Amino acid sequence: MINTTNDPSTPPTQRSIGELVQSIRDELLGVVHHEIDIAKKEITALAIKVGIIAACAAVLLFLLLSAWVMLLFSAATGLEALGLPYWASFLIVAGVFVLLGAIAGLIAFLVSKRLGAPETTIETAQSAVQAVQGKRRRSAVSYDDTFEELYGKQVSARTE
């Protein structure tokens, strides 16, 4: 006797193949939707935490920038207290920062000239494409290669 209902409580032996396939499909969709709901909840909680961190970081940066400006004014005022004119004190502080900025820019320029393409990543990607296409590179390692061919060393089984 075949049960024509799609009731999961009905024993599988009494359901047809079509009903079993439909039941599997429905259960799989239920699992997928449940996993998506769990992921949404986790991502929402994570986004709230990231938002709180970003807000606190913005407040921190504002306060540090404000403190930095106050330190610059106090440095200029300190130079004025040493007998320099007010304008010269601020000019010296500004000049020091222009000099430090120029040094940082020069370092960044020199480091950027040393940058190159990610050769290992490019080579790996090209070898993956060639592997998918069924081509073998000359330098690729094969299971048929011996240790001596790979490393140029002869291996002895004897221990000395």
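## Two helices in contact

The buried residues of helix 2 pack against helix 1 (17-81). Helices here are DSSP runs of H or I with at least four residues, strands are runs of E with at least two, and both are numbered from the N terminus. Contact means heavy atoms within 4.5 Å. In helix 2, the buried residues are Ala 88, Ser 89 and Val 93. Buried stands for under 20% relative accessible area, exposed for over 50%, and partly exposed for the range in between, with a 1.4 Å probe and protein chains only.

The packing can also be read from helix 1. Its buried residues are Glu 19, Ser 23 and Ala 76. These pack against helix 2.

## What kind of model this is

This is a predicted model, in which local features need pLDDT of at least 70, side-chain atom pairs count only at pLDDT 80 or more, and totals for chains, interfaces and linings use all residues. Residues are numbered from 1 along each chain as its sequence is written, and side-chain values use heavy atoms, with hydrogens and water left out.

The pLDDT is the predictor's confidence in each residue, from 0 to 100. Its mean over the protein chain is 82. A pLDDT of 70 or more is reached by 76% of the residues. Among the elements, helix 2 has the highest mean, 94. Helix 4 (residues 147-151) has the lowest, 59.

## The chain as a whole

The protein chain holds four helices and zero strands. Along the sequence, the pattern reads α-α-α-α. Of its 160 residues, 6% count as buried. Take the contacts between residues at least 6 apart in sequence: 5% of them join residues at least 24 apart.

The accessible surface of the chain is about 14,000 Å². Carbon and sulfur atoms account for 69% of that surface. Such areas come from the Shrake-Rupley method with a 1.4 Å probe; for residues, only the protein chains shown count as cover.

## Helix by helix

Helix 1 has 65 residues. From first C-alpha to last, helix 1 reaches 94 Å, close to the 96 Å expected at 1.5 Å a residue. The expected span is 1.5 Å times one less than the number of residues. After helix 1 comes Gly 83, with a positive phi near 115°.

Helix 2 (residues 86-114) has 29 residues and reaches 43 Å, close to the expected 42 Å. Helix 3 (residues 119-133) has 15 residues and reaches 21 Å, close to the 21 Å expected. Just after helix 3, Gly 134 has a positive phi of about 90°.

## The annotated spans

An unreviewed UniProt entry carries the annotation "transmembrane region" for residues 50-74 and 86-111. Its positions are given in the numbering used here, feature names are shortened, and annotations may be inferred rather than shown by experiment. In the model, residues 50-74 are 100% helix and 0% strand, with end C-alpha atoms 36 Å apart. Residues 86-111 are also 100% helix and 0% strand. Their end C-alpha atoms lie 38 Å apart.

## A cluster of rings

A search of the whole structure finds three aromatic pairs. Rings of Phe, Tyr and Trp (its six-membered ring) pair if their centres lie within 6.5 Å; planes under 30 degrees apart are stacked, over 60 edge-to-face, and the rest tilted. The rings of Phe 73 and Phe 90 have centres 5.3 Å apart and planes at 70°, so this pair is edge-to-face. Phe 73 lies in helix 1 and Phe 90 in helix 2, so the pair ties together parts that are 17 residues apart in sequence. Phe 73 is partly exposed, at 40% relative accessible area. Phe 90 is partly exposed too, at 26%.

Tyr 86 and Phe 90 form an edge-to-face pair, 4.9 Å centre to centre with 65° between the planes. These two residues are four apart in helix 2, so about one helical turn separates them. Tyr 86 is partly exposed, at 45% relative accessibility. Ring pairs link Phe 73, Tyr 86 and Phe 90 into a cluster.
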